[in-house]
Amino acid sequence: MPTALVIQHAAVEGPGRFAEWLPSHGLELDVVHAYAGYPVPDVMEHDALIVMGGPMGAYDDVDVPWLAATKKLLADAVEAELPTLGICLGAQLLAVATGGKVERGAAGPELGLGEVTGDGSDRVLLSGPYVVVQWHYDTVTELPPDATLLASSALYPVQAFRVGEAAWGLQFHVEATPELVGKWARAEGREVEGIVEPIRHAEKSLALIGEAIARRFAYVVSR
């Protein structure tokens, strides 16, 4: 069975539902807990790369020493046309690694349940519109030179993009459960129920969207 290398940046921002969905569709996960001191590999020896979210910024290489290695892996994966998926911070790292730009979001944080709309140009992984889980303060403000914009929200235009043929960045969290979002809210001292309750009510549709993306990504890897 093919295997994806997963880079995890924080204890509470792991693969989430991907840990169930991707293996069920034929893609095993090899998770590197970089936040706990486990080294990010210098070279890719896996069939795919998945980079998760985290509270740090895409340029915080001095304070977060594994970010530079992660961005190198992302750039190498894109060049090799290796199936790649970046979630939230992972999408921002993908953008920076391939020539894009990330900044603090001028409209403020985008947190909780929200809608993104797609133009239908990506028929492999994404369509839309989607109701999704958002949790980010930074945003991609300049796409890489050869990237294709795939989805936007009312607050931020770059919600999903593709670089090359097989690398996708998603600013939103398709892997998140209500319980995970509750942990993120509590960690920031936010009122939990007002954020989590709408996500709980939408959980079935969120899971359908997330598993569809996981299934399609696993299929891309299997090809």
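Predicted model: local features only at pLDDT ≥ 70, side-chain atom pairs only at ≥ 80, totals over all residues.

Biologist: Why are α2 and α3 called roughly perpendicular?

Modeller: Helices here are DSSP runs of H or I with at least four residues, and strands are runs of E with at least two, numbered from the N terminus. Axes are lines fitted to C-alpha atoms, for helices over the stretch in contact, and angles run from 0 to 180 degrees between N-to-C directions. Helix α2 (residues 66-79) and helix α3 (residues 89-97) pack at about 70°, with axes 9 Å apart. Angles from 65 to 115 degrees count as roughly perpendicular, under 35 as roughly parallel, over 145 as roughly antiparallel, and the rest as oblique. The pair α2 and α3 is therefore roughly perpendicular.

Biologist: Which residues of α2 and α3 meet?

Modeller: Contact means heavy atoms within 4.5 Å. On the α2 side there are L67, T70, K71, L74, A75 and V78, and they meet G90, L93, L94, V96 and A97 of α3. These residues divide into 8 nonpolar, 2 polar and 1 charged. Nonpolar covers Ala, Val, Leu, Ile, Met, Phe, Trp, Tyr, Cys and Pro, charged covers Asp, Glu, Lys and Arg, and the others, Gly among them, are polar.

Biologist: What makes α4 and α5 roughly antiparallel?

Modeller: The axes of helix α4 (residues 178-187) and helix α5 (residues 192-201) come within 9 Å and cross at roughly 165°. With that angle, α4 and α5 are therefore roughly antiparallel. Their contact has 7 nonpolar, 1 polar and 2 charged residues.

Biologist: How do you know which strands are at the edges of the sheet?

Modeller: Two strands pair if DSSP finds at least two bridges between them. The open sheet has 9 strands in the order β2-β1-β3-β4-β11-β10-β9-β6-β7, with mixed pairing. Strands β2 (28-33) and β7 (130-136) each pair on one side only, and these are the edges.

Biologist: In what sense do β9 and β10 pair?

Modeller: Strand β9 (residues 147-152) and strand β10 (residues 160-163) pair in the antiparallel sense over 4 bridges. A151 stands opposite A160 in β10.

Methods
Residues numbered from 1 in each chain as written. Heavy atoms only, no water.
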